[in-house]
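Here is a short briefing on one protein model. Please keep the sequence and the 3D view open while reading.

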Amino acid sequence: MLIKRCSDNQNVNKIACISEGHNLTLEIYNAQRSDSGVYYCTNSYIILTFGNGSTLIVGVLGVQLFLYQTQRIQFVEVSDTAKILCSSTENLEGGSSILWYLRREGETPTCIKSCLDDQNVSKFACKHETHSSTLEISNVQKTESGIYYCAYRYSSYLLFGNGSMLIVGDSFTNTSWVMLLVPFPHGSQVTGTANLACVIHGVSSPVHVSWSVSGELQEQGLTRSLKAKDGSLTLINHISVPMDTWTSGKNFTCEVKFNSSGKSVKKSTRYPAATSTAHASSCLPSIVSLAVLSALMLLMVSLSLIWTLCPSRLGFQPRSSAPPASQENQGGILYAHLDFDSRNRDGRTMQPSARGKHVKS
């Protein structure tokens with residue numbers, strides 16, 4: 001249920017959106033027990049992209065129970081059995097209060113299994129121990145890829161785990177490629193934040209994306225997804241880092257895993273060094289001189305051709321323009337202005353104009 005669109009100012013006395021840089025906070029005033037539940041933030045960028053969700057409990061439950069899922073990512077082959085573990089800080093009392101939710105890419109979470117009933121046990125089965133519950137999915141298919149959340153039902157409330165991503169089969173296709181988008185160099189600017197994005201194009205199902213800075217693993221970025229008419233996905237995973245971290249010369253690496261083979265695709269970049277800028281500026285005078293000389297020669301040749309071929313005409317029909325240059329290798333790096341916060345007056349995200357240039361890796 002949609003409770004608040006941050007682009008309007010309705011019902012601000014009860015629910016308000018507070019924006020601070022790259023963070024957006026939902027404030028609920030005079031919270032009541034009826035406001036308890038799981039709140040999801042979402043971005044309406046062509047299709048809805050949801051956050052992981054936050055559980056709000058108004059009042060005292062009388063139990064200090066927490067769920068955690070240690071398997072952040074799991075790869076399985078098609079038709080195998082997937083096992084997803086959910087652990088608890090307290091006794092689960094047989095696991096009858098455990099439910100499992102699945103959130104597929106670009107969709108809202110849906111309940112796929114209540115461990116209280118014995119329905120469809122040939123497909124989904126719950127296995128319980130004192131402090132844990134495991135969801136077993138038999139004959140798993142690619143359409144069952146997504147993030148699985150365990151939940152504990154207590155009275156009229158649900159407590160959720162942190163989620164485990166399940167990737168079934170191989171997401172890589174003949175049209176798959178990976179590209180990095182990084183900010184334009186801004187000279188001596190060292191304040192603010194820099195947005196870096198890893199674009200994964202033409203995959204058949206979700207992939208695992210991780211970022212590292214000079215070998216140190218970072219937190220996972222936020223993923224947006226676009227679905228093509230043929231059913232393939234384009235995923236955009238982006239991170240925001242302090243500008244001084246980006247300009248420090250450290251290596252930023254995006255690693256993408258498509259299947260259980262252990263192999264991955266890595267794309268790395270770093271802020272352009274000052275020496276490269278100095279080298280480019282030293283070459284500038286000679287490049288300018290060569291360009292001017294070439295332009296003069298081209299002008300003289302053109303005038304000669306006009307005089308020879310069309311001496312009696314006042315003008316001539318120009319030749320058809322040359323075909324556009326072929327696209328460069330996707331393995332390069334695209335420098336672009338990445339603005340993930342720009343919105344129009346209706347609150348919908350605007351697509352930035354495509355501008356930038358390829359730099360060979």
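Trp 246, Phe 252 and Tyr 271 make up one aromatic cluster. The model is predicted.

**Aromatic pairs**
- The structure has 4 aromatic pairs.
- In one of them, the ring centres of Phe 172 and Phe 258 are 5.0 Å apart. Their planes meet at 90°, so this pair is edge-to-face.
- Phe 172 sits in the loop between strand S16 (164-168) and S17, and Phe 258 in the loop between S23 and S24. The pair therefore ties together parts that are 86 residues apart in sequence.
- Phe 172 is partly exposed, at 42% relative accessible area. Phe 258 is buried, at 5%.
- Trp 246 and Phe 252 also form an edge-to-face pair, with 5.4 Å between centres and 65° between planes.
- Trp 246 is buried at 1% relative accessibility. Phe 252 is buried at 0%.

**Nonpolar cores**
- The largest nonpolar core has 23 residues. Leu 196, Cys 198, Ile 200, Val 207, Trp 211, Trp 246 and Val 256 touch the most other members.
- Two or more residues come from each of strand S17 (177-182), strand S18 (193-203), S19, strand S22 (233-242), helix H1 (243-246) and S23.
- S18 contributes the most to this core, with 5 residues.
- A second, separate core holds 22 residues, including Ile 98, Trp 100, Leu 135 and Leu 166.
- Beyond its neighbours within four places in sequence, Trp 211 is in contact with residues including Leu 180, Leu 196, Cys 198, Leu 217, Ile 239 and Cys 254.

**Sheet**
- Four strands form an open sheet in the order S20-S19-S23-S24, with antiparallel pairing.
- Strand S20 (216-217) and strand S24 (265-269) are at the edges. Each has a single partner strand, so one side of each is left without a neighbour in the sheet.
- Strand S19 (residues 208-213) and strand S23 (residues 252-257) run antiparallel and are joined by 6 bridges.
- Ser 212 stands opposite Thr 253 in S23.

**A buried polar residue**
- Asn 195 is in strand S18.
- Asn 195 has 8% relative accessibility and so counts as buried.
- The side chain of Asn 195 makes a polar contact of 2.5 Å with the side chain of Ser 240.

Definitions and conventions: Residues are numbered from 1 along each chain as its sequence is written. This is a predicted model: local features need pLDDT of at least 70, side-chain atom pairs count only at pLDDT 80 or more; totals for chains, interfaces and linings use all residues. Side-chain values use heavy atoms; hydrogens and water are left out. Two strands pair if DSSP finds at least two bridges between them. A nonpolar core is a set of buried Ala, Val, Leu, Ile, Met, Phe, Trp, Tyr and Cys residues joined through side-chain atoms within 4.5 Å. Buried means under 20% relative accessible area, exposed over 50%, partly exposed in between (1.4 Å probe, protein chains only). Contact means heavy atoms within 4.5 Å. A polar contact is a pair of N or O atoms within 3.5 Å; within protein, one must be able to donate a hydrogen and the other to accept it, and residues adjacent in sequence count only if both atoms are side-chain atoms. Rings of Phe, Tyr and Trp (its six-membered ring) pair if their centres lie within 6.5 Å; planes under 30 degrees apart count as stacked, over 60 as edge-to-face and the rest as tilted.
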